[in-house]
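User: Here's a model I'd like to talk through with you. Can we start with the domains and then move on to the contacts?

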Amino acid sequence: MASKNRGPQRGGRDNQPDPITRWIVIGMVALVVVIGAIFTVVSNRSAENVALPPGASKDDGYGIVFNADKTPTINIWEDFQCPSCKRFEDINGGRISELITQGKAKVVFNTLSFLGPESVLAGMGGGCAADQGKFVEYKKFLYQNQQQEGSGTWTKQYVISMAAAMGLDENKFATCLNTEKYKKWLTNVSAAGGAANINGTPTYVINGEVIESDDQGVNYYTAEGFNAQLARFGIN
Amino acid sequence: MTELNPAVSTAQKSQALLSWVGLFARLALGGVLFAAGAIKIPYPYKAAAAMRAYELLPNNLASFFGYILPWFEVGLGLLLILGVATRLSGLIGALLMLLFIGAIASAWARGLSIDCGCFGGGGEIDPSQTRYLEEIIRDIGLALCGFYLYLRPHSRFALDNRGK
């Protein structure tokens, strides 16, 4: 196309008016932009009548809820691919499980999936694991086997094999993951995260208060630091 | 007449040189816009979160612009790279950069510590990691490219050159 361009116009046979090409290009670019933008907005919207995993609750940002009747409420916004989430899990995951089993708090796991396709796969798997009553165990296992973010290791096959390795019913899990049963649920969680102004992972919210790490001496990447935050809400 | 000839040739030379400057401006502004948009398109949640982190718009509006901005950047970048509607694209690009500069400066002034989220990333970061000044200087440079194209839209290898 550019072969006929020779800098400043000097007239000549090849320099006849040709607005058509310009308009075609402008039209195509505009079309791509508009379609892409609409697609992105629509596909990230929350939907009604979506299959929810057992324990997931719309009023809790579509997170999976444990101890629905207890207080305070701890919301854990995380992405299974996020390294800082793993760091927290390694240090305080046991404590969280303890809070659940001892009934010391309502714990809500809000699974975000914004770090790429592997996050979506792993997140959908979370719903599938919840189907078998093993969400927390699944999540723990994934963090233990976390890969470099975006490395491409977590394929469907790989996630299924992880589920099997941690003792889930492989066939059930595979069917659930292969049919992407909980893809829309993840979209709803993400939309809820957007609405709750969750702009990074991990984000811990206790009774609606966002706990910022490394802010004014708060560091929840230590057991003492996290316990100090829990203590502020009466959890000892 | 003999006196005019050198003047004409000088004018032609500077015209030719300026058309190369125009090409540079197009590729700089267009290239950065295209890359910045393309990097963000696969990560809409991140882009929306980066927009929300500026705390300038109501939450859902910020998310909305976060979703559509990358596409807009890619489109504008393409027009500039191809050299289509250069004058208008340059102006819009320059105004967009002014908007970015204003948003970054405002985040800085309000004492937020965020990444600009220009090329993915974004959201809150450690105060020691903010790079507001560099981000603003970069965007000023890009805004100048845009305004240059608005004032002198002619450039080498542009689709706009066809049919004049």
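User: How far apart do the C-alpha centres of domain 1 and domain 2 of chain A lie?

Analyst: Quick caveat: this is a predicted model, where local features need pLDDT of at least 70, side-chain atom pairs count only at pLDDT 80 or more, and totals for chains, interfaces and linings use all residues. Residues are numbered from 1 along each chain as its sequence is written, with chains lettered from A and ligands numbered from 1 in the order in which they are written. Chain A is assigned domain 1 (2–43) and domain 2 (56–232), the bounds coming from an automatic or database domain assignment. Their C-alpha centres are separated by 46 Å.

User: Which element gives the largest share of the side of chain B that touches chain A?

Analyst: Contact here means C-beta atoms, placed from the backbone, within 7 Å, and 39 residues of chain B touch 35 of chain A that way. Elements are DSSP runs numbered from the N terminus: helices are H or I, at least four residues, and strands E, at least two. At least two residues each come from α1 (4–40), α2 (44–52), α3 (59–82) and β2 (123–124) of chain B. The largest share, 13 residues, belongs to α3(B).

User: How are α3(A) and α7(A) oriented to each other?

Analyst: Take axes as lines fitted to C-alpha atoms over the stretch in contact, with angles from 0 to 180 degrees between N-to-C directions. Helix α3 (residues 117–131) and helix α7 (residues 183–195) of chain A have axes that come within 9 Å and cross at roughly 105°. Since 65 to 115 degrees counts as roughly perpendicular, that's what they are: roughly perpendicular.

Technical notes
Two residues are in contact if their C-beta atoms, placed from the backbone, lie within 7 Å. Angles under 35 degrees count as roughly parallel, over 145 as roughly antiparallel, 65 to 115 as roughly perpendicular and the rest as oblique.
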